[in-house]
Amino acid sequence: MTLATAKSGACPEQRVRDLLAELVRTADAAGDLDLCLSSFEWCAEEPRYLPACRQIEGATGVTPVIDALKDAVGFLRWQQTYGLQDGMSQGWLDDYGWAHLVSPDGPIVSASLRIAIAIWGAGYTYPAHAHGPKETYVILSGDAVFDSAGRPKRRVGPGDLVHHAPWQTHGFAVGDTPLIVGTIWQGEGLLQKSRLEGPDR
Ligand SMILES: [Fe+2]
């Protein structure tokens, strides 16, 4: 894979592109992702901070990505897919958030690819869910036990990849430290909300 040479210029763009480059390098080293990121344009987003971001400060793991994340965190637009209405507790929400690096809405624009950094708090569970795009999680910090339909449960940690096919149900339980991952989605419905599943849904 080749990444576009990061342009000099606006500091936010440089830092986000540097973070993306480190994330993709890590994913490539662990697997064989076939991504073409050569010509994606920059479309600045208004930065937004969430309480979950405080967990980045003490993170360890895949050092090049975590260091680049620490440099870029204040330039990203941190968001949440879920809320209290989805049955999540306030504690769960206080430790949870994600920010796009690549998406149809930016900050690096692609109609066919969504790459984000996501955070979940220590000890919390992301309930079973599914979505149309195929997905690769790149574990950057912390560890978790993944429960993916059709596979034995598996504990993963920094540097590991976890792949899911379209609509393959999956969830995970976070270990004793916050979980920080890169998520890479490809396919249709990149901005659609994941479908929570399980007996109480
Ligand atoms: Fe997922």
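This is a predicted model: local features need pLDDT of at least 70, side-chain atom pairs count only at pLDDT 80 or more; totals for chains, interfaces and linings use all residues.
Leaving aside its neighbours within four places in sequence, which residues is R15 in contact with?

**View 1. R15 and its contacts.** R15 belongs to helix α1, which spans residues 11–30. Apart from neighbours within four places in sequence, R15 is in contact with D71, A72 and F75. R15 and D71 are 56 residues apart along the chain, yet 6.6 Å separates their C-alpha atoms. R15 counts as buried because 20 other C-beta atoms lie within 10 Å.

**View 2. The buried side of helix α2.** Helix α2 covers residues 63–72, and its buried residues include V65, A68, L69 and A72. Why do these residues lie on the same side of α2? They cover an arc of only 105 degrees around the axis, which puts them on the same side of the helix.

**View 3. The largest nonpolar core.** In soluble globular proteins, nonpolar side chains tend to be buried together. Here the largest nonpolar core has 42 residues. L19, L20, L101 and V181 are those with the most contacts inside this core. Two or more residues come from each of the helices α1 and α2 and from each of the strands β3, β5 (113–120), β7 (134–141), β8, β11 and β12 (179–186).

**View 4. An open sheet of 5 strands.** The strands are ordered β9-β8-β11-β6-β13, and their pairing is antiparallel. Which strands stand at the edges? They are β9 (154–156) and β13 (195–196). Each has a single partner strand, so one side of each is left without a neighbour in the sheet.

**View 5. Strand β11 and its two partners.** Strand β11 covers residues 170–174 and is joined by 3 bridges to strand β6, residues 125–130, the two running antiparallel. Within this pair, Y126 stands opposite F172 in β11. Strand β8, residues 144–148, pairs with β11 over 5 bridges, also in the antiparallel sense. The covered face of β11 consists of H170, F172 and V174, while G171 and A173 form the uncovered one.

View 6. The peptide bond from G106 to P107 is cis, and its omega is near 5 degrees. P107 lies in the loop between β3 (97–103) and β4 (108–109).

**View 7. W167 and its positive phi.** W167 is found in the loop between β10 (161–164) and β11. Its phi is positive, at about 65 degrees, although W167 is not a glycine. Is W167 buried or exposed? W167 counts as exposed because it has 12 C-beta neighbours inside 10 Å.

**View 8. The whole chain, for orientation.** The protein has 3 helices and 13 strands. Of its 201 residues, 33% are buried. Among contacts between residues at least 6 apart in sequence, 72% join residues at least 24 apart.

Definitions and conventions. Residues are numbered from 1 along each chain as its sequence is written. Helices (H or I, at least four residues) and strands (E, at least two) are DSSP runs, numbered from the N terminus. The arc is that of the directions from the helix axis to the C-beta atoms. Two strands pair if DSSP finds at least two bridges between them. Two residues are in contact if their C-beta atoms, placed from the backbone, lie within 7 Å. A nonpolar core is a set of buried Ala, Val, Leu, Ile, Met, Phe, Trp, Tyr and Cys residues joined through C-beta atoms within 7 Å.
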